[in-house]
Every structure is written in C-alpha cells, then in structure tokens.
Amino acid sequence: MESYDVVIVGGGVIGASVAWHLAARGCTRVLVLDAGAEAGAGSTGRATGGFRVQFGSEPNVRLSLLSRDKMLRFADEVGADPGYRPCGYLFLAEREETLAALLEAQAMQHALGATEPRRVSVDEAREVNPAISVDGLVGGVHCPTDGFIRPLQMLAGYADAARRLGVRFEYGTAVQGFRLDDGKIAAVRTNRGEVAAGVVVNAAGAWAGAVAVMAGVEIPVWPLRRQVAFTEPFDGLPECMPLTAFLEAEFHLRVRDGRVLLLWSDQPNTSDPFDTTLDPDWLPQVVARAHRWVPCLRDARIDRERCVAGLYEMSPDRHVLLGAAPGVENLFLANGSSGHGVMHSPALGQLLSEIILDGASSSMDVHPLRPSRFAEGQPNAASEFL
C-alpha cells in the first residue's frame with residue numbers, strides 16, 4: 001500500500017492551495033485525490049472569479065486581506081498569474097436600512113486595515129458605473145481595489161508549483177471510505193485501492209459533508225446551486241467595469257472576456273441538491289433584472305449554450321470551517337466557504353498548513369472559524385448582504 005504524510009480529498013483550488021503550502025514548507029509526501037476527470041471539473045471551474053474585502057464580518061475581511069497580500073505576491077511565490085485585476089466592487093442599496101448596514105460593515109473594514117472602501121452617493125455611483133439605472137437607489141459603497149481573479153489560472157498555478165515540489169495529483173479517483181484505527185484515519189479507500197495516510201484534509205467543496213460522514217464526522221456543509229447567464233459578445237460595457245450588485249434585488253453582474261455575466265440568487269427548486277442543470281424558468285427572471293438595472297443590456301443577447309450552474313459549499317453562518325475535525329484526530333477541514341472559496345483559497349491554504357505542521361495558525365486568529373463552533377453554540381454573525 002502506498003503511504004503519504006498528507007492525503008487531500010478534493011483537487012479544486014483550495015485543495016491545491018493546501019498542497020502547495022504544505023510542500024513549500026517541506027512536507028512534500030502529499031497526495032491530492034479528485035473524483036473529477038480533470039482539474040477544475042468541480043466548483044472551481046464554474047466560479048465567476050470575484051475578489052473583495054468588502055465583507056460584513058471580521059473573519060472574512062481578515063481572510064480577504066491575507067489573500068490579497070498573497071495574490072500580489074503570487075507570481076513570485078507560485079510562479080503563475082492569478083489574474084487579479086482591481087476593477088472594483090460597487091454595492092448599491094434601495095433602502096436606507098441597507099445602506100446603514102453597508103456603512104456599519106465599512107467602519108469595521110476600515111478598522112481592520114481595509115481603508116479603500118468608501119461610501120458613494122447616487123450620483124457618485126453613476127460615475128463609477130455610468131451604465132446603471134439609479135432610479136430607486138439611495139446610495140452604496142465602492143472599493144476600487146476589489147475586483148477579479150482567474151480561478152482556473154490559480155488552480156493550475158498552485159497545482160503545477162506543488163508538482164514541482166513532489167506533490168502527486170490523481171484525477172478520476174473517488175474516495176469511497178476511510179479505515180480508522182483508535183480514532184485516527186489509517187487509510188483512505190478509493191476506487192483504485194487503499195492509500196495509507198498520516199493526515200487527511202477534507203477539501204471536497206460541496207461534497208465535503210459526504211466525505212466527512214465516511215470518517216464518522218458530521219459537518220454542517222451542504223451544496224447550493226448558483227446559476228450564471230452569459231451574454232453573447234457585447235461591447236456595451238467595459239471589460240474592467242466594477243462588479244455591480246443591486247442588493248435588495250439579489251442581482252449582480254460583471255464583464256469577462258467580452259461577455260456579461262448575470263447572476264441572481266434564487267432558491268433552487270430541485271429534489272437533488274447536487275443538481276447543476278440550468279433552470280429554464282430562472283433565465284427570464286435574471287434577464288428582467290438586468291434590463292431593469294442596466295438598460296443597455298436590452299441590446300445584448302443571451303448565449304444559452306454558455307449559461308451554467310455550479311455549487312456553493314454552504315455553512316450555517318456562511319463562514320468556512322477551518323481546522324481539526326471534532327472526533328477524528330488526524331482529519332482537517334477546509335469546508336463551507338459559502339461562495340468565497342476561490343478568493344480565500346490563498347489564505348486558507350496557508351492557514352491550514354500552519355495548523356497541520358505547527359499545531360496552530362500564526363498568520364491569523366482562526367478561532368472564530370473552528371469547526372466545533374456550531375456544537376458550542378458560537379456561530380459567527382452572518383451579514384444579510386455581505
């Protein structure tokens with residue numbers, strides 16, 4: 001039986017980040033297992049690639065700040081381009097209560113060192129994005145250093161750099177169970193046989209709950225379908241238009257590679273929580289929101305063949321579960337990022353490598369993210385809009 005110091009279940013960008021950070025510290029006997037046929041076959045490949053520090057909770061702001069610092073050093077440290085472009089994020093409110101919540105969050109962001117976010121009036125919002133309709137808006141917030149990243153470039157960068165250090169990646173390898181011995185995982189059972197493991201990392205994304213159950217651990221992480229409509233090539237909006245979110249409408253959009261991406265956060269009506277088929281009833285509703293808030297999009301055509309759905313890995317407080325799994329000594333979790341996994345993957349990889357190799361994180365206080373917080377009745381406060 002092959003044996004590794006660390007076996008990582010899940011080869012998306014978080015799993016690849018953990019692998020590289022471990023290997024960069026000298027822990028190179030690492031195996032990454034992914035059930036997909038190729039890299040990026042899961043949620044990473046369907047991520048829209050946003051990046052922001054404008055969050056409503058201290059742990060998420062800190063994760064973003066650490067990730068942004070690492071993004072700026074990505075080329076030097078990892079040897080690849082993460083595609084970070086500071087095109088900005090613009091959050092817009094129709095109600096004074098919503099705007100007040102945004103400004104309260106902004107004060108916290110400033111206190112933590114994220115000084116770039118600012119309040120914008122309705123007129124200033126139109127200056128930031130001249131394409132929007134401001135009818136009904138009361139104002140918003142804007143951060144010019146938020147922006148975009150390239151999820152598949154980040155994944156490839158981490159994976160290639162990890163391989164150069166000796167990490168092994170296996171695709172088409174599904175985990176089917178674990179062999180436990182005295183409260184520890186002794187081996188990982190896969191469709192290709194057993195692999196002995198000193199440590200196991202659950203980085204299985206939307207499938208993390210099912211992986212944890214195989215080890216006798218229940219974690220509150222579940223899939224949530226999110227759909228994205230793509231237009232045909234459209235030159236009516238600039239490539240570096242800030243991601244613009246109309247909060248009460250739960251609608252946001254961005255431009256990527258000459259196409260406009262339209263997103264509306266509906267509640268999926270499906271018996272299969274892992275269903276990633278596109279709901280035909282969703283499409284006209286997101287288009288109606290686009291026409292309401294960005295009038296020039298009435299001239300854009302939807303490319304139905306490119307429209308996709310992917311899965312968020314949700315947790316009850318919409319914060320990642322990071323650290324040792326309760327009840328299994330050598331199982332570690334990086335699950336439940338709730339739509340923020342790609343943007344926070346640089347920080348999560350560094351923090352979990354510190355926890356595994358040093359026994360505790362040193363780059364950031366991760367106590368609020370401990371997996372046991374729900375059983376202890378201490379979830380993080382979840383912001384309604386951020």
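**Exercise 1. Determine how the axes of helix α6 (residues 151-164) and helix α9 (residues 341-358) are arranged.**

Step 1. The axes of α6 and α9 come within 10 Å and cross at roughly 25°. Axes are lines fitted to C-alpha atoms, for helices over the stretch in contact, and angles run from 0 to 180 degrees between N-to-C directions. Helices (H or I, at least four residues) and strands (E, at least two) are DSSP runs, numbered from the N terminus.

Step 2. Angles under 35 degrees count as roughly parallel, over 145 as roughly antiparallel, 65 to 115 as roughly perpendicular and the rest as oblique. The helices α6 and α9 are therefore roughly parallel to each other.

Step 3. The crossing of α6 past α9 is left-handed, a term for a near helix turned anticlockwise from the far one by less than a right angle, with right-handed used if clockwise.

Step 4. Contact (heavy atoms within 4.5 Å) joins Pro151, Met154 and Tyr158 of α6 to Val342, Ser345 and Pro346 of α9. These residues comprise five nonpolar, one polar and no charged. Here Ala, Val, Leu, Ile, Met, Phe, Trp, Tyr, Cys and Pro count as nonpolar, Asp, Glu, Lys and Arg as charged, and the others, Gly among them, as polar.

The model is predicted: local features need pLDDT of at least 70, side-chain atom pairs count only at pLDDT 80 or more, and totals for chains, interfaces and linings use all residues. Residues are numbered from 1 along each chain as its sequence is written, and side-chain values use heavy atoms, with hydrogens and water left out.

**Exercise 2. Describe the packing of α1 and α6.**

Step 1. The axes of α1 and α6 lie 8 Å apart, at an angle of about 30°, and their crossing is left-handed.

Step 2. From α1, the contact residues are Val13, Ala16, Ser17, Ala19, Trp20 and His21, and from α6 they are Met154, Leu155, Tyr158, Ala159, Ala161 and Ala162. By class, this contact has ten nonpolar, two polar and no charged residues.

Step 3. Eleven of the twelve residues of α1 are buried, meaning under 20% relative accessible area, with exposed over 50% and partly exposed in between (1.4 Å probe, protein chains only). In α6, the buried residues pack against α1, α2 (58-72), α3 (74-78), β8 (168-171) and α9.

**Exercise 3. Locate glutamate 250 and arginine 318, and state whether each is buried, partly exposed or exposed.**

Step 1. Glutamate 250 is in the loop between β13 (243-246) and β14 (251-256). Its phi is positive, about 55°, although the residue is not a glycine.

Step 2. The relative accessible area of glutamate 250 is 44%, so this residue is partly exposed.

Step 3. Arginine 318 lies in the loop between β16 (308-314) and β17 (321-324), with a positive phi near 60° in a residue other than glycine.

Step 4. Arginine 318 has 30% relative accessibility and therefore counts as partly exposed.
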